[in-house]
Amino acid sequence: MRSLRVYEEAWPLHTPFVISRGSRSEAKVVVVEIEENGVKGVGECTPYPRYGESIDSVMAQIVSIGEELELGISREALQQLLPAGAARNAVDCALWNLEALKAGKTLAQMAGAELASSVITAQTVVIGTPDQMANSAKALWDNGARLLKVKLDDHLISERMVAIRAAVPEATLIVDANEAWHSDGLAARCQLLADLDVAMLEQPLPATEDAALANFIHPLPICADESCHTRESLTTLAGRYEMVNIKLDKTGGLTEALALAAEADAQGFGLMLGCMLCTSRAINAALPLTPKVRFADLDGPTWLAVDAEPALRFGTGTLYL
């Protein structure tokens, strides 16, 4: 028999994290512990209101399958018990962790992945005035970050991006519009980003407006985030997006994330690996995917005033393994 424990944690941020949907001062996560014969597997998720999730709803989902978990269900059976999302992610990753510990292996070894000694991760430039964002980008560059992810809403696009590029002329820039743009004017904005040598644009339109990207000629790759959750999403993304952003909280865990990565790659999509505001527990669970992706955006724990132990070691723009 296994035992199950589910609880909430709130981790304060050292500075507010500002995106187009508002500002956050803490990261709220749900933690799952599954213990069997003295070995404890741990998983973490970040409920996302954009997908109708809350701390309470996620905990209720997990508790609803408590009996099955205690009876020892497999990860494969879990995929049928809970839908893709944060709740399944925490449970799936706890089961992966439990299996790895029982086998005396690392998670990467269990997943058949060979990790590098370090991973280049994007550092986020949050929304602010053009000068604020340019100064933030320059400070990150000066401290070693070479890949910068610029958050944008629907305002001052040209002013912000021109200021940032002037501040960090050699940085690799990717832009995340977080569904804040509209089809009107999108072509001009894509051309602006291409002229500024931006490497990729992430989710410019609301997921419900993806049809506007069909047969839309654009000069830089566009990556699906909110529009891509699991393998089932891929059928509607072809011809609209060149890349997909894989996040364990969307796929419902590492099991589906690995399957999504394999299928997306087979269909010709480029891969990005992302995260929510989270602790090192969540990033550690995603590490087996890092050898497969073009861009890794794993800076969630770097926003925390204190991290969960054992904490991963981050430099500015680099995750050391």
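The buried residues of helix H7 (residues 157-167) are covered by elements that include helix H6 (130-142), strand E6, strand E7 (172-176), helix H8 (186-195) and strand E8 (198-202). This is a predicted model, in which local features need pLDDT of at least 70 and side-chain atom pairs count only at pLDDT 80 or more, while totals for chains, interfaces and linings use all residues. Residues are numbered from 1 along each chain as its sequence is written, and side-chain values use heavy atoms, with hydrogens and water left out. Helices (H or I, at least four residues) and strands (E, at least two) are DSSP runs numbered from the N terminus.

The buried positions in H7 are Ile-157, Arg-160, Met-161, Ala-163, Ile-164 and Arg-165. Here buried means under 20% relative accessible area, exposed means over 50%, and partly exposed lies in between, with a 1.4 Å probe and protein chains only. An α-helix has 3.6 residues a turn, so residues three or four places apart point the same way.

Met-161 is also among the residues with the most contacts inside the largest nonpolar core, together with Leu-148, Val-150, Leu-173, Trp-181, Val-244 and Leu-289. A nonpolar core is a set of buried Ala, Val, Leu, Ile, Met, Phe, Trp, Tyr and Cys residues joined through side-chain atoms within 4.5 Å. The largest such core has 65 residues, and helix H11 (residues 254-266) gives the most to this core, with 6 residues. Leu-148 is in contact (heavy atoms within 4.5 Å) with Gln-123, Val-125, Ala-137, Leu-140, Val-168, Ala-171, Thr-172, Leu-173 and Ile-174, leaving aside neighbours within four places in sequence. A second, separate core has 20 residues, including Ile-55, Ile-65, Leu-82 and Ala-94. In soluble globular proteins, nonpolar side chains tend to be buried together.

Ile-120 lies in strand E4 (residues 118-120). With neighbours within four places in sequence left aside, Ile-120 is in contact with Leu-147, Ala-296, Gly-317 and Thr-318. The C-alpha atoms of Ile-120 and Phe-314 are separated by 10.0 Å, although these residues are 194 residues apart along the chain.

A cavity is a set of points where a 1.4 Å probe fits but cannot get out, whereas a pocket is an open set with protein on both sides within 12 Å along at least five of seven lines; lining residues have an atom within 4 Å of a point. Grid points are joined across faces, edges and corners, and a volume is the space filled by probe spheres set on the points. In the lining classes, Ala, Val, Leu, Ile, Met, Phe, Trp, Tyr, Cys and Pro count as nonpolar, Asp, Glu, Lys and Arg as charged, and the others, Gly among them, as polar.

The largest pocket holds about 380 Å³ of space. Its lining has 17 residues, of which Val-42, Asn-97, Arg-281, Asn-284 and Pro-310 lie nearest the centre. Helix H4 (86-103) and helix H12 (280-286) are the elements that give two or more residues to this lining, and H4 gives the most, with 5 residues. By class, the lining of the largest pocket comprises 10 nonpolar, 4 polar and 3 charged residues.

For the second largest pocket, the volume is about 260 Å³. It is lined by 14 residues, and Arg-24, Thr-46, Pro-47, Tyr-48 and Pro-49 are the closest to its centre. Strand E2 (residues 22-36) supplies the largest share of this lining, 4 residues. The lining divides into 6 nonpolar, 2 polar and 6 charged residues.

There are 2 cavities of 30 Å³ or more. About 240 Å³ of space lies in the largest cavity, where Phe-17, Lys-151, Lys-247, Cys-275 and Met-276 are the closest to the centre among 19 lining residues. Strand E1 (2-19) and strand E6 (147-151) each supply at least two residues of this lining, which has 7 nonpolar, 3 polar and 9 charged residues. The second largest cavity holds about 100 Å³; of its 13 lining residues, Leu-248, Asp-249, Gly-274, Cys-275 and Ala-282 are the closest to its centre.

Cys-45 is buried at 1% relative accessible area, and Cys-93 counts as buried at 5% relative accessibility.

Notes: On a 1 Å grid over the protein atoms alone, a cavity is a set of points where a 1.4 Å probe fits but cannot get out, and a pocket is an open set with protein on both sides within 12 Å along at least five of seven lines; lining residues have an atom within 4 Å of a point.
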